[in-house]
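Here is a brisk report on the structure shown below.

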Amino acid sequence: MTYYSRKAIRIARVISEFKVSREVLEEALHMLKSRFHGKSSSWFNRCLDRLTDVKKAVKANTWIVRGRPELGDYEPLYIVTYTPEIRRYTCTCYDPRKPYGSHRMKSICTHVGAVIPVSYTHLTL
């Protein structure tokens with residue numbers, strides 16, 4: 001019986017769905033880790049899990065991320081927007097009226113964490 005780590009399975013799923021090389025994906029994940037070097041491995045794993053949930057929206061610098069109840073999401077989708085003028089990503093989960101919205105904004109949610117490698121490498125499904 002062959003044993004594969006959860007991370008290896010996640011990476012294989014992303015490579016298969018995006019039809020991208022392992023090297024391109026590894027480069028995107030390395031960029032994410034270098035940008036957020038203080039984040040936990042579980043945060044990076046959740047971002048990796050969400051990669052296949054990211055879709056480019058029609059509007060420029062905007063992505064739609066499918067909500068996943070198993071990752072604690074309450075909404076069916078989240079909208080992530082990048083504002084180049086201030087070099088900042090925002091997510092609809094940052095709404096201060098939502099539970100933990102302010103906390104997510106300060107700590108960077110995994111919706112944004114999943115969008116960054118997609119936007120960096122221009123991955124599309």
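## Strand pairing

This is a predicted model. Strand β3 (residues 77–83) runs antiparallel to β2, and 5 bridges join the two. Across that pairing, Arg-66 stands opposite Leu-77 in β3.

β2 (residues 62–66) also pairs with β1 (residues 54–56). The sense is again antiparallel, over 3 bridges. Lys-55 has Ile-64 of β2 as its bridge partner. β1 and β2 make a hairpin, with 5 residues between them. In the turn, Asn-61 has a positive phi of about 55°. In a regular strand, side chains alternate between the two faces of the sheet.

## Helix α5

Helix α5 covers residues 110–121.

α5 is mostly covered, with 11 of its 12 residues buried. Among them are His-111, Pro-117, Ser-119 and Thr-121. The buried residues also include Val-112, Val-115, Ile-116 and Val-118.

## Ser-42 in α3

Helix α3 (residues 41–50) contains Ser-42. The side chain of Ser-42 makes a polar contact of 3.0 Å with the side chain of Ser-40. Ser-42 counts as partly exposed because its relative accessibility is 43%, between the 20% and 50% cut-offs.

## Cysteines

How many disulfides are there? The count is 0. A disulfide is a covalent bond between the sulfur atoms of two cysteines. The cut-off is 2.5 Å between the sulfurs.

Take Cys-91. Its closest cysteine sulfur is in Cys-93, at 3.5 Å, so the pair is too far apart for a bond. Cys-91 is buried, at 6% relative accessibility. For Cys-47, the closest cysteine sulfur is that of Cys-109. The distance is 8.2 Å, again too far for a bond. Cys-47 is buried as well, at 2% relative accessibility.

## Salt bridge within a helix

The whole structure holds 6 salt bridges. One of them joins the side chains of Arg-22 and Glu-26, at 3.5 Å from N to O. Both residues lie in helix α2 (residues 22–35). They are 4 residues apart, about one turn of the helix. An α-helix has 3.6 residues a turn, so residues three or four places apart point the same way.

Are these two partners buried or partly exposed? Arg-22 is partly exposed, with a relative accessible area of 42%. Glu-26 is partly exposed too, at 35%.

## Salt bridges across the chain

Asp-73 and Arg-50 meet through their side chains in a salt bridge of 2.7 Å, N to O. The pair links distant parts of the chain, 23 residues apart. Asp-73 sits in the loop between β2 and β3, while Arg-50 belongs to helix α3. Both residues are buried.

The side chains of Asp-53 and Arg-68 form a salt bridge at 3.2 Å, N to O. Asp-53 lies in the loop between α3 and β1, and Arg-68 in the loop between β2 and β3, so the pair ties together parts that are 15 residues apart in sequence. Asp-53 is buried, with a relative accessible area of 4%. Arg-68 is buried at 12%. Which residues make up the network around this pair? Salt bridges with shared partners join Asp-53, Arg-66, Arg-68 and Glu-70 into one network.

Definitions and conventions:
Residues are numbered from 1 along each chain as its sequence is written. This is a predicted model: local features need pLDDT of at least 70, side-chain atom pairs count only at pLDDT 80 or more; totals for chains, interfaces and linings use all residues. Side-chain values use heavy atoms; hydrogens and water are left out. Two strands pair if DSSP finds at least two bridges between them. Buried means under 20% relative accessible area, exposed over 50%, partly exposed in between (1.4 Å probe, protein chains only). A polar contact is a pair of N or O atoms within 3.5 Å; within protein, one must be able to donate a hydrogen and the other to accept it, and residues adjacent in sequence count only if both atoms are side-chain atoms. The expected span of a helix is 1.5 Å times one less than its number of residues. A salt bridge is a side-chain nitrogen of Lys or Arg within 4 Å of a carboxyl oxygen of Asp or Glu.
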